[in-house]
Every structure is written in C-alpha cells, then in structure tokens.
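Please keep the sequence and the structure in view while reading.

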Amino acid sequence: MDRCVNRCVPNQSLGGTVDGHEGGECARMLSDESINEMLSAGLGPLTYRLRTELAGEVWHWNPHGNWSDEPHHCGYWTSSSCVAQPINISYGYRLPRRGNTIDQANNDGYSRISDGDETSFWKSNPYLDPFFTHENEGAHPQWIVVDLGTVRPVNCIRIQWAHPYARQFQIEYWTGHDPMHLHIDQTDTWQVFPQGILTNSLGGDLTVRLSSNAIQVQFLRVLMTSSSGTTLRASSDVRDTLGFAVRELRVGNIDDTGQFQDYVVHNPERQQQTVIYVSSTDPWHRAEDIDYKTEQPGVDFILRSRLTNGLPVLVPVGVLYDTPDNAVAEVRYLLERKYSLQGIEVGEEADGQWTAPEDYAALYIGIAQRLRAISPKLRIGGPSLQNFDTHLLTWPDKSGNRFWMNRFLRVLQASECPLDFFSFEYYPFDDVCGDTAPHLLEAPRRLRTMLSSLHADGVPTDIPWLMTESGYSVFAGRPEVDIEGALFYADTIGTFLTSGGSKAYMYGYEPNYLVNELKCSWGNLMMLQMPALSNKLNRLSMYYSARLITKKWMQSANGIHELYPVNMEPIEAAVSVYAVRRPDKQWALLAVNKDPQRSAKLEVRFLSSNARSSKRFVGQIDVAQFCRQQYRWEDNGENGRPILSRPAAHTQRRPSEYYELSPYSVSVLRGQVSR
C-alpha cells in the first residue's frame, strides 16, 4: 500500500484515436450521433492517426497549396498554411515512383520495379542524400530487396537504371529465412555475391554475372552507396538529381548456352508481381495521383469537434513519403489557429515499413529541427513503433548492432535533437482465427516484455511513453467484437499504466463495420458498430470495458490516481488484478478473469511494503462486473451483432473474505480500506 508505481489523471491518460478510412466513411463514422456515443465511453484525450503514411502516400492535409512544378501540377507538394476555409476532409496521393509492392493500409498499390513498364521507375527519397543530411556519401545507403517467393539458383542480375543511377553498388543474398520480418535470427546476414561489388558504373541497362556457379537464393538485395547525381531532363529542382532510380530488375540464372531465365514476375498488379521492398520512396507526384479510396478527416473538423474534450490533441506530420516543407506548413497552420496540441508525432510505423533507423532518424531530425525553430515549446516525438514480441531487430550495422530503437536514439543523441515523447503501438496477435483463450493469457506478459526491451534499448524514462494504438490484432476478426475484446482492453490498460505508461489511446474509437479480413471470421477493432441493416449504433464489448475503467475503476472527476503493484498468491494465470488509489481515498481493483469456463475466487488483502500486516475492505463495497450475462455476440457474417448488450452489473455488498469473478469477465471492486 505504500509503494506507488505510477500516477495518472484518467481524463488525460486514457484516450481514443481517430484515423483515416475508406472513401466516404469519415462523415458517416463521425456524425453527431456517433460523436455522442463515442464521448459516452468516458475517454479523454485524442490522437489523430495518419493512414496515408501507412499507404505510402503523400498527405495533402490542406487541398489548397503549391506544386514545385506548378505549370504541370506535379512535383513536390506543400499545402497552404494561410487558407481560412475550414478543412473537413483530406486525401493522400499515390506515388508514381513507388518501390514497395506491399503497404500497410489498403495494400492496393504496386512496385514500379517489377511492373513490366520500362518507362516507369522507382526513386529513393532525396531527403536522405548528403545535400540535405550534411553527412558523408554512403551514410544512408539505399536498397532494393527482391523476394523470389521460393529458393532459386541465381547467378545473374539485370538492372535497368533510370536517373540518377548508382555509381557504386553491390548485390547480396540473405542467408536466413526472411529478412523483412524484423524478428530475425541473430545469425542471419546479407552475403555479397562473389562478383557482386561494382564501382564506377555508368548506369543504363546493365547485366551482372554474380558468380560462376549458381547460388540458392530467395531474397536478393541491391545496396547502393554512391549516386550519379544526374537527371534525364534538365531541371532546376535539385531533388530530381538526388538518390537512386531503377526502371526494372531481372534476377535469374544464365545457363551454359547463355540463355537467361528471369525469375521476376513483371506485372502492374499487386497480387501478380514479384514482391519488392525498398528503403525509401521519392514523394514526387502529380495532381492525377489523388487516392479517393482513402480519406482523412480534416484537421479543422477534428480539432474543432467535441471529440477533443477541450484537451490538447496529439497530431501527426508525414515524414516517410512527405517533405519537411509540408510538415512545417501544417504545424504553422495549427498554431496560427491556436489549436491546443499535445505534441507532434513525426510519421507512423517507420519500423513496420522497413525503414532503417538511421534513415528515419535523418528524416525525423530534418523535420524536428525546423519545427523547433517555429516554436521552442512544441513537443516533438515518435516513432509510433509497430508491435513486436521481444527486441525490435533489424539488419546489423557495421558494429553488429541489430537493435532498431537503440540505433535511432544514438543518432538523435549525437545530433542533440529532441525526443520529447516516445510512442509505440501494441497489436500482439496476428492470428484472429485460432483459439482466443491462450492469447488472452499471454497478452500482459507480451506487453511487459515489449516495454522491458525498450527500456533496455535506452528509451528515456524521463519522457512520456504513449501507447498511441492498441488492439487484439492488426487484422479484423471476431475476438475484437466478442467478449474477448473487453478482456483484452482492460488487461492492456492495466498492464500499461502499472508499468509506468503515460497515455494509452484506444484504436477503434470510431464506429465501424464488420469485415472478414483473413476469411475466417467477421469482426473489427471497434467499440461501436455501424450495422449493415440498421442506422442504430451497437455498443460492443470494448465500449463497456472502457466505461468500467473510466467510470468505476477510475474516478470521473479530474484528479491524480495512484497505481500500486498487485501480488497474486497463489499465482492464478487466468486472473489479472490492477490496484488504484483514487482521489476520493477509495481503493479500486480492476480484475480480469480470462478463463472461459471457470469462475475464480479473489481474496483481497492490502499489504504494507514490509508485509507485516494486512488490511481489508470495510463498509459497503461497490462491485461492477461485465461478463457473458451482459454481453453475447451472434456470428452472422457481415450482419453479426450483439444479441445481448448491457452495461456491467452493479451491486453493493458487505466486505467478504472472497469475491467471485465470473468466467471471461472484467470486474471492479471499490471501497474504503481499514486504517
């Protein structure tokens, strides 16, 4: 009772997210009725997520602005910071110089490196060139990784360079299973082909014999270190000459007769081309590249809405597929309108988009330094890490360091660049088709392990840690809308806050629809459902879990809550308990029973640190419990819905030696403790 592990103010520490969605959905999801329901969950602060960053698109956060090549409506875009008309909707623009086959949003684009069109090309991000970073040539090598889909005998590569081309580069193969999966084995590495190092290249169409004998390869990398600095057409924009550009790649085997077999499938369709990954992408684009399939709610619409609760909002700026000028203009716009900003989050999920920590750091620094010059009071942070299990690993640097976050922090520290807050996401389970119960049992341990690894990597403990998104899975499925969604949310919030976290934001704050993403079950990350056959919103299990936390476990009124550790003796793997001492001097326990079949009996004693004496609840005990007696989900394809949807059952009772926790339940026990 005398070892507080964290302090929080619930209407500042427990919030929700607002994200981009498919075309036409934002207005329906954020209607007045929807906002009323969202606010009734009791969550406080808001974070605005940037779906365009995950889609590999440039964000025109303001539809009014200027092109670098204004006569042709193309080039590098900067939204206007001066337009007075409120921005209610905004869009991303696809990148015609895209290199990745896969993206993290709608995943309906394609790589220009394996599209079969020799007039299209990929180009790397010019802002990683020494012209902007002021570092030595080769400080930010750019790369292309080709996944052949299976192991093939490789001895040759054909590269059709565009401009600028690489003067120096090398061709490598991966010795392990999958280099694009960041939980890679410590022994895996890139190995240079015997004849894979080239210097003084002149570009053009180049055939390279990599070895005399074919080597069994699935993943091949082109690593580029020195740019030609050339452009095909005369240009006054230096960005056209920076980086590396490739029109098409062919990887295969030359037999004894000189015949070349190309293993790369060239097709301008996402599902029909060989998968390509790239280190970065040039944000050059055209007016015609607007993507109406994905929309972002307008910054004015959100920041003027009741959803903010009058609290500062965490807002993003694009970095991986955008320009510093566009980010600066956005922040100027927000500051001039005197919006209250919690902070500026630089980009989203850089690690999940295969960005090297040094590359993200360079882009981060380029934006952060300019934003700090606008206003020294701005809080700037990131990198909104994608979920990982243990340490977040990447390919080793020259010293053998494979730790992504550690390397990112080292660059920032060397540049004396601010990291005013640290942000990450937590989506522990890719499998939404299997048995949920074992997953729920290990969810708290996974989160604690993740947080411990970040501490070990050197993330400062004296800055706020923000869990800017969380959910059962990044994939949509039944566990998110059935009773398990409530258990996962409560367990995650309890674990995060008792581990020292500052702010946790619920992903799925807006109403949404059911989808069958992995073709095994219908669901979605959401606390409110927009049914296909009705206009009335359904309250789902996460909604009731949030209300239990914000209205019962925590005290609705503003005030500091103290969190304390809980020891389970004997250890009950299926039960998690989180203790808070509220401003009204009551103690409240948040208890989660993750056993789908059995009740659990909870004996409650409050111990001092020396454990020489214990105390118990006294007087009336307030008990609220949410379980299957309040909530039942009916699977019915896209028309699935809760056939029972009620708030937690609430009772008052005298103190007892044991308190019963129903199977699959979230409970709050609250009362006074003897002195």
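## Cysteines

Cys 4 counts as partly exposed, at 23% relative accessibility. The closest cysteine sulfur to that of Cys 4 belongs to Cys 8 and lies 9.3 Å away, which is too far for a bond. Cys 74, with a relative accessible area of 10%, is buried. These values, like those that follow, come from a predicted model.

The count of disulfides comes to one. The disulfide is formed by Cys 433 and Cys 520, whose sulfur atoms are 2.1 Å apart. The link of Cys 433 and Cys 520 is left-handed, with -80° about the S-S bond. Cys 433 is in the loop between strand E24 (421-426) and helix H10 (436-456), and Cys 520 is in the loop between strand E26 (503-506) and strand E27 (528-529), so the pair ties together parts 87 residues apart in sequence. Cys 433 is partly exposed at 43% relative accessibility, and Cys 520 is partly exposed with a relative accessible area of 36%.

## Salt bridges

How many salt bridges does a search of the whole structure find? The search finds 35. One of the pairs is Asp 291 and Arg 94, whose side chains meet at 3.4 Å, N to O. This pair links distant parts of the chain, 197 residues apart: Asp 291 belongs to strand E20 (residues 290-297), and Arg 94 to the loop between strand E8 (89-93) and strand E9 (122-123). Asp 291 is buried, with a relative accessible area of 3%, whereas Arg 94 is partly exposed at 25% relative accessibility.

Asp 622 and Arg 670 form another salt bridge, with their closest N and O atoms 3.8 Å apart. Here too the pair links distant parts of the chain, with Asp 622 in strand E35 (residues 617-626) and Arg 670 in strand E40 (residues 665-673), 48 residues apart. Both Asp 622 and Arg 670 are buried. Within helix H10, Arg 445 and Glu 442 are three residues apart, about one turn of the helix, and their side chains meet in a salt bridge (3.4 Å, N to O). A network of salt bridges links Arg 49, Glu 345, Glu 348, Glu 425 and Glu 469.

Glu 25 lies in helix H2 (residues 25-29). Glu 25 is buried yet has no salt bridge, and the nearest side chain of opposite charge, that of Arg 28, is 4.7 Å away. Beyond residues up to four places away in sequence, Glu 25 touches Glu 295 and Tyr 513.

Glu 358 is part of helix H8 (residues 357-374). The side chain of Glu 358 makes a polar contact of 2.8 Å with the side chain of Arg 407. Apart from neighbours within four places in sequence, the contacts of Glu 358 are His 140, Arg 407 and Val 411.

## Nonpolar cores

The largest nonpolar core has 119 residues, of which Tyr 364, Phe 424 and Trp 553 touch the most other members. Apart from this core lies another, of 31 residues, including Ile 113, Ile 157, Val 264 and Val 278. In soluble globular proteins, nonpolar side chains tend to be buried together.

Trp 553 belongs to helix H12 (residues 541-553), which is mostly covered, with ten of its 13 residues buried. Among the buried residues of H12 are Met 542, Tyr 543, Leu 548 and Trp 553. Leaving aside neighbours within four places in sequence, Trp 553 is in contact with residues including Leu 497, Tyr 578, Arg 582 and Val 668.

Terms used
Residues are numbered from 1 along each chain as its sequence is written. This is a predicted model: local features need pLDDT of at least 70, side-chain atom pairs count only at pLDDT 80 or more; totals for chains, interfaces and linings use all residues. Side-chain values use heavy atoms; hydrogens and water are left out. Helices (H or I, at least four residues) and strands (E, at least two) are DSSP runs, numbered from the N terminus. Buried means under 20% relative accessible area, exposed over 50%, partly exposed in between (1.4 Å probe, protein chains only). Lys and Arg count as positive and Asp and Glu as negative; His and the chain ends are not counted. A salt bridge is a side-chain nitrogen of Lys or Arg within 4 Å of a carboxyl oxygen of Asp or Glu. Contact means heavy atoms within 4.5 Å. A nonpolar core is a set of buried Ala, Val, Leu, Ile, Met, Phe, Trp, Tyr and Cys residues joined through side-chain atoms within 4.5 Å. A polar contact is a pair of N or O atoms within 3.5 Å; within protein, one must be able to donate a hydrogen and the other to accept it, and residues adjacent in sequence count only if both atoms are side-chain atoms. A disulfide is a pair of cysteine sulfur atoms within 2.5 Å.
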